[in-house]
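Keep the coordinates open as you read.

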Amino acid sequence: MVFGHGNLDEAAFPMTTTKARQTDVFSTDCRRCSRLTRFLDGVRREFPGYFCRPVPPFGDAEARLLIVGLAPGMHGANRSGRPFTGDYAGLLLYRTLHKFGFANCAQSVHVGDGLLLRGCRITNAVKCLPPENKPAVDEVKRCNGYLASELAMLPEAAAVLALGGIAHKAVLMATGEKATNRKFAHGAQHRLECGLTLFDSYHCSRYNTQTRRLTEPMFEQVFAAIGLFFQDAAACRS
């Protein structure tokens, strides 16, 4: 099963309770955050052809890797309805996913382009486009139940890749971990109490890549570490 705009199985997000917190059933009709809904209503009037709704996760429902970004971009996921699709940040992400065997092609153009993810799913800490790409703390918290439900779907030995510090903190919030015990750092790995392993990377944004804060080799090193993690886990099971 593949999640994405036009192919979202909301039943796959069960209303369950984890040790960390209550999970929520995701809906593209969510309007919990008044600031975000007012902003999206304005964007929809300016760009009537844009998706302009909470963007659903995309990828393999049986993923063992969940990638968590910050929020949809104005002319990327907010336009296309698919995470990291149509903006600069998606170029490096999908090219790397293809190189490491998680995607059937190296580009994400639009929701009908035939792109499939294997063993991987992509989501955002905040599902709606925020003004100036900056979600408020209460908006991250209000959206966190959706992320908690996505994490609850993962097998115990799965990996989570947080793209940036806000995504890192959102994962910790969703799993009930204290942020003081798990500091964000590019290339860091954190074994969480729930059984998941959290990997950190700088966000693959235009700013980070153009300023060389994040280079392609740096990004690929994180995916290489994730690959080794899966190899070690498979060796332990055999």
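C105 is partly exposed, because its relative accessibility is 26%. C120 is in no disulfide either; its nearest cysteine sulfur belongs to C204, 12 Å away. C120 counts as buried because its relative accessible area is 0%. Searching the whole structure gives 0 disulfides. The cut-off for a disulfide is a pair of cysteine sulfur atoms within 2.5 Å. Such a link is a covalent bond between the sulfur atoms of two cysteines.

A word on the source. This is a predicted model, where local features need pLDDT of at least 70 and side-chain atom pairs count only at pLDDT 80 or more, while totals for chains, interfaces and linings use all residues. Residues are numbered from 1 along each chain as its sequence is written, and side-chain values use heavy atoms, with hydrogens and water left out.

Now zoom out. The protein has 7 helices and 7 strands. Both are DSSP runs numbered from the N terminus: helices are H or I with at least four residues, strands are E with at least two. From the N terminus on, the order is β-α-β-β-α-α-β-α-β-α-β-β-α-α. The radius of gyration is 17 Å, close to the 18 Å that the globule rule gives for 238 residues, so the protein is as compact as a globular protein of that length. That radius is taken over C-alpha atoms, and the rule is 2.2 Å times the number of residues to the power 0.38. Along the principal axes, the C-alpha atoms fill a box of roughly 55 × 35 × 35 Å.

How much of the protein is buried? Buried residues make up 51% of the 238 residues. The accessible surface comes to about 10800 Å², and 52% of it belongs to carbon and sulfur atoms. These areas come from the Shrake-Rupley method with a 1.4 Å probe; for residues, only the protein chains shown count as cover. Of the contacts between residues at least 6 apart in sequence, 67% join residues at least 24 apart. A contact here means heavy atoms within 4.5 Å.

Which strands flank β3 in the pairing? Strand β4 (residues 120-124) pairs with β3 in the parallel sense over 5 bridges. Strand β5 (residues 159-163) also runs parallel to β3, joined by 4 bridges. Two strands pair if DSSP finds at least two bridges between them. Individual partners can be picked out. V68 has T123 of β4 as its bridge partner, and I67 stands opposite L161 in β5.

L161 leads on to S201. S201 touches L161, and also A162, L163, G164, F184, H186, L214, F219 and V222, not counting residues up to four places away in sequence. S201 sits in strand β7 (residues 197-201). The whole structure holds 11 salt bridges. Each one is a side-chain nitrogen of Lys or Arg within 4 Å of a carboxyl oxygen of Asp or Glu. D24 and R32 form one of them, at 3.1 Å from N to O. D24 is buried because its relative accessible area is 12%, whereas R32, at 40%, counts as partly exposed. R182 and E177 form another, at 3.3 Å from N to O. Both of these residues, R182 and E177, are buried.

D41 and R44 meet in a salt bridge of 2.9 Å, N to O. Both lie in helix α1 (residues 34-46), 3 residues apart, about one turn of the helix. D41 is partly exposed because its relative accessible area is 21%. R44, at 30%, is partly exposed. R31 joins D41 and R44 in a network of salt bridges.

Definitions and conventions: Buried means under 20% relative accessible area, exposed over 50%, partly exposed in between (1.4 Å probe, protein chains only).
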